[in-house]
Amino acid sequence: MPHLTNLPRPPTDRLLQPHPRVHVVAILALLAATAPSPGASAARRLRGGSVFRCARELWREVEPLRVAPRLAQLDSVVGAAMRYRDYEKEVEGNMIWAMSLSLSSKLAQFQLSHGISGSVGEIGTYYGKYFFSIATAALPEEPKVDIDLFEAQHLNVDRSGGFVDSGRFRRHAAALGVANLTLLSQDSSTVTINTFVQMGTPAFRLFSVDGAHTFEATLRDLQLAACAIKRGGVIVLDDWLNMDWTGVVDASFQFLHNAPSIVPFLFLYLTTREFHPLYLAWAQQLPCLHCSSADRGMHSSRYELAGTPVCMDVRSGCGGWCG
Ligand SMILES: C[S@@+](CC[C@H](N)C(=O)[O-])C[C@H]1O[C@@H](n2cnc3c(N)ncnc32)[C@H](O)[C@@H]1O
């Protein structure tokens, strides 16, 4: 096997970051030296920080998953997710609207019908409240990867979640008939793309980030997710704008302003830049969402994040099953 490099690591000590004026000088030098990347917004260029890129070539080591689901299979995706709706109350934890069951199955159906298949996974599953919404909505041949500390809670730096009995998690998975499941019972900081490549796990069509909620951990997990997804894959970031976990919002903007190839289309779902129009149009026509649109006379940036149009629906009651 050829030598495989590790993911770049985020800075661990922001006190060591240069003074803002040093940033400005560095940015001007960078702008003079390099042509701006296509589509990178002025906002992103002005904010500074180093541009984050993935070593996507690592995925060449793994055979991509190619499935052509038939209509009946797409219906079964929704059917399985509906069965989870009935079981969901057995699973410990809370489900917020943006992670609703309905959205998970609709997203899976949309991706699969557009030929976007692959692994699904989550960092920070707890007992699987959200994870099972994506795992039951996946095809049997799509690998499901769960990364959590489980019983090793002495490594849980910010006490997000709490003790997780991996046996009980497995019993939930068995009850729901989740096939092709891998539990990585470890600190997410020890997981790299190499981990997936060595397991032969194909690139992800969906990757949820809900592990430790510190700035450092969230940024690191977002960077892993960004490299883990295939083109057209989606990252879901939980607890964004949850003011009990400010590290998440802090890291999300640091990430967004430095990862030009990853853009948000829905509060807060991200995809690779070239797929943004497809996903935004999808979100805008969902009956359970009320996507914001710029009011007449307002600047078009009103509903933008990091220079990208985004569906912001913070009012929605989409925690329910909404058609
Ligand atoms: C907020 S809970 C996740 C809730 C879950 N997504 C759900 O749907 O119920 C956070 C989880 O992250 C896990 N966790 C915390 N730090 C972690 C780390 N460094 N690596 C992996 N998992 C971690 C915890 O064990 C906990 O289960």
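**Figure 1. Secondary structure of the protein chain.** The protein chain holds ten helices and nine strands. Helices (H or I, at least four residues) and strands (E, at least two) are DSSP runs, numbered from the N terminus. This is a predicted model: local features need pLDDT of at least 70, side-chain atom pairs count only at pLDDT 80 or more, and totals for chains, interfaces and linings use all residues. Numbering of residues starts from 1 along each chain as its sequence is written. Of the 323 residues of the protein chain, 41% count as buried. A residue is buried if 20 or more other C-beta atoms lie within 10 Å of its own, exposed if 12 or fewer, and partly exposed in between; C-beta atoms are placed from the backbone. Among contacts between residues at least 6 apart in sequence, 77% join residues at least 24 apart. Two residues are in contact if their C-beta atoms, placed from the backbone, lie within 7 Å.

Figure 2. Helix α4 covers residues 101–113. At 1.5 Å a residue, its 13 residues should span 18 Å, and its end C-alpha atoms are 18 Å apart, which agrees. The expected span is 1.5 Å times one less than the number of residues. Ten of the 13 residues are buried, so α4 is largely enclosed by the rest of the structure. Among them are Leu101, Leu103, Leu107 and Leu112. The buried residues of α4 pack against α3 (71–87), α5 (131–135), β4 (204–209) and β5 (229–237). Just after α4, glycine 115 takes a positive phi of about 75°.

**Figure 3. Strand β5 and its partners.** Seven of the nine residues of β5 are buried, so β5 is largely enclosed by the rest of the structure. Strands β4 and β5 pair in the parallel sense over five bridges. Two strands pair if DSSP finds at least two bridges between them. Phenylalanine 204 has isoleucine 229, in β5, as its bridge partner. From β4 the chain crosses through helix α8 (residues 215–228) to β5, and this β-α-β crossover is right-handed. That term applies if, with the strands pointing away from the viewer, the path from the first strand over the helix to the second runs clockwise. Strand β7 (residues 269–272) runs antiparallel to β5, joined by three bridges. Here isoleucine 235 has leucine 270, in β7, as its bridge partner.

**Figure 4. The shell around the ligand.** The ligand is surrounded by 22 residues. The closest are Gly93, Gly124, Tyr130, Gly161 and Ala212. A residue is near if its C-beta atom, placed from the backbone, lies within 6 Å.
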